[in-house]
Amino acid sequence: VAADALADDPRGRLVRQANAGQSAAFNRAVEESSGDIICFLDADDLMHVGKAAALAAAFRADHRAGFLVHLVDLIDGDGRAAGVFPPISPLPCGWYGDAVLGAGGFVPGLPPTAGIALRRELVPFLFPLDTTHKIAADYLIQYLAPLVTEISRIERSHATVRRHGSNATHADRMDRAAVDPLLERNRNAWQNQRAWLERWRPDVA
């Protein structure tokens with residue numbers, strides 16, 4: 001699909017690599033990219049028309065923020081509307097670094113992959129991501145970016161995210177088979193956050 005879409009469009013470039021997990025894919029994408037703004041999109045999600053312009057305008061309006069979030073529309077496995085995420089607004093906005101350190105390491109209400117964007121200036125502080133964290137690489141960005149920069153928000157949806165039973169972070173039933181991988185991903189993210197603090201903020205690690 002990507003190859004066909006880019007065949008006659010010089011604005012994009014298809015980069016291939018062996019499947020080594022989502023973090024490795026994010027690392028390669030960031031390495032190959034050159035724009036001032038970095039955003040991500042999972043294979044079964046959609047970016048809305050006008051998103052790039054909205055991100056650029058939001059970053060221009062808030063020079064202190066290097067991490068931008070926006071709402072995402074949700075659809076189920078059959079493509080039917082399933083609400084908006086996060087369901088409770090407003091989205092996080094401002095400096096959360098101190099609150100993160102005192103509240104378990106995570107900012108509640110952050111959207112998934114398709115709803116986050118970064119200024120390129122943050123790359124040296126966040127990348128490369130830990131490639132042992134093979135799925136839900138957005139966890140690592142969500143755990144680390146608020147320690148580096150203020151968050152800016154757009155209270156409008158600029159992407160559509162498909163939620164279904166095979167999603168890495170969504171399950172139709174909350175049983176042990178679903179919870180154990182979720183706990184492991186969070187444990188890995190916390191370990192990455194601790195390693196980041198030991199490198200960049202040893203005074204609070």
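A: Let us begin with a term: a polar contact is a pair of N or O atoms within 3.5 Å, where one atom must be able to donate a hydrogen and the other to accept it. Please keep in mind that this is a predicted model.

With that term in hand, look at Asp 76. The loop between β3 (65–75) and β4 (81–85) is where you will find Asp 76. Its side chain makes a polar contact with the side chain of Arg 80, at 2.8 Å. Apart from neighbours within four places in sequence, Asp 76 is in contact with Ala 82, Arg 162 and Arg 163. Asp 76 counts as buried because its relative accessibility is 18%, and the cut-off for buried is under 20%.

Not counting residues up to four places away in sequence, Leu 118 touches a list of residues including Phe 40, Phe 67, Phe 127 and Ile 141. Among the others it touches are Ile 37, Ile 38, Phe 59, Gly 66 and Ala 145.

Next comes some open space. The second largest pocket holds about 160 Å³. It is lined by 13 residues, and the closest to its centre are Phe 125, Leu 126, Pro 128, Leu 144 and Trp 196. Both α5 and α7 supply at least two residues of this lining, and the largest share, five residues, comes from α7.

Finally, what about the cysteines? The structure holds zero disulfides. Cys 39 is in no disulfide, and its nearest cysteine sulfur, in Cys 93, is 19 Å away. Seen from Cys 93, the closest cysteine sulfur is that of Cys 39, and 19 Å is too far for a bond, because a disulfide needs the two sulfur atoms within 2.5 Å. Cys 39 counts as partly exposed at 30% relative accessibility, and Cys 93 counts as partly exposed at 36%.

How values were computed
Residues are numbered from 1 along each chain as its sequence is written. This is a predicted model: local features need pLDDT of at least 70, side-chain atom pairs count only at pLDDT 80 or more; totals for chains, interfaces and linings use all residues. Side-chain values use heavy atoms; hydrogens and water are left out. Helices (H or I, at least four residues) and strands (E, at least two) are DSSP runs, numbered from the N terminus. Buried means under 20% relative accessible area, exposed over 50%, partly exposed in between (1.4 Å probe, protein chains only). Contact means heavy atoms within 4.5 Å. On a 1 Å grid over the protein atoms alone, a cavity is a set of points where a 1.4 Å probe fits but cannot get out, and a pocket is an open set with protein on both sides within 12 Å along at least five of seven lines; lining residues have an atom within 4 Å of a point. Grid points are joined across faces, edges and corners, and a volume is the space filled by probe spheres set on the points.
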